[in-house]
Amino acid sequence: MTADEPVHWYDPVRDDDRLYRSLTVPEREMYHLHLANMDYSRDYLVHSGRPYLGMFPFTERPLHFMHRPEYFGQRLQVTTDETHFVRHPPDASAMTQLTKKNYKERRLGDGKPLLPEYRAPDRLNLTLTALSIRPRVFEIRNFLSPVEVEHILELTTGLRLRKSTTSGDQHHDADATDKTNTRTSTNTWIHRPRTPLVDAVYRRAADVLGLDEALLRDRDRGER
């Protein structure tokens, strides 16, 4: 297995008619789907020059908006109401954790950004510079302000780094998901409702991605 040939196919049924006849109806359906996947992969390689690593026709089309750069260095403009924090509120109570009620009230209200007196006026213009077309990679300069960087670093003080897991699903055994030789990083979490500033960063990211900010909220342990 190499970078130029990351997928190898083996078809034990092709030359064994008896084995094929022994397959159940669902098994035959799956077998023919795999044959279709092999044919599609060959056509994809000829067309794109790259191996197809998905499962055709199981791979669904993207459900959400995606920026589509056409060339390296292309610049895309995004505007957001979630402007930079330029001053940190002197009163610590202004940075208390948000609740579901806070989100509901803002959703049903005017939707204006929180703590505007500590933020840059007007709207924030961000430039996405395409560094790669496939996969899509963008550089976004000044996505965070110095005040925001300092605040996030302060929030990490005292947090314990844990070994990254291979599954975020709460239904999996946490000890089992930690045991891997292929993912050796460590991380920790600063959850979105932690402070209004962190929430603003999430909302800004949603605007950059062209998504509804509600899609970036926690719903259970496996969606953080």
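From the N terminus on, the elements run α-α-β-α-β-β-α-β-α-β-α. In total, the chain has six helices and five strands. Those are DSSP runs, numbered from the N terminus: helices are H or I with at least four residues, strands are E with at least two.

A word on the source. This is a predicted model, so local features need pLDDT of at least 70, side-chain atom pairs count only at pLDDT 80 or more, and totals for chains, interfaces and linings use all residues. Residues are numbered from 1 along each chain as its sequence is written, and side-chain values use heavy atoms, with hydrogens and water left out.

Now confidence. pLDDT is the predictor's confidence in each residue, from 0 to 100. The chain averages 86. At least 70 is reached by 86% of the residues. Residues 169–176 stay under 50. For that stretch the model has six contacts beyond four places in sequence, a contact being heavy atoms within 4.5 Å. Where pLDDT is low, the predicted coordinates should not be read in detail.

Next, the contacts of the chain. Take those with a separation of 6 or more: 67% join residues 24 or more positions apart.

How much of the chain is buried? Of the 224 residues, 25% are. Buried means under 20% relative accessible area, exposed over 50%, partly exposed in between (1.4 Å probe, protein chains only).

Finally, the surface. The accessible surface comes to about 16,400 Å². Carbon and sulfur atoms hold 53% of that. Areas come from the Shrake-Rupley method with a 1.4 Å probe; for residues, only the protein chains shown count as cover.

Last stop: Val-7. Val-7 lies in the segment before helix H1 (17–21). Val-7 is partly exposed, at a relative accessible area of 30%.
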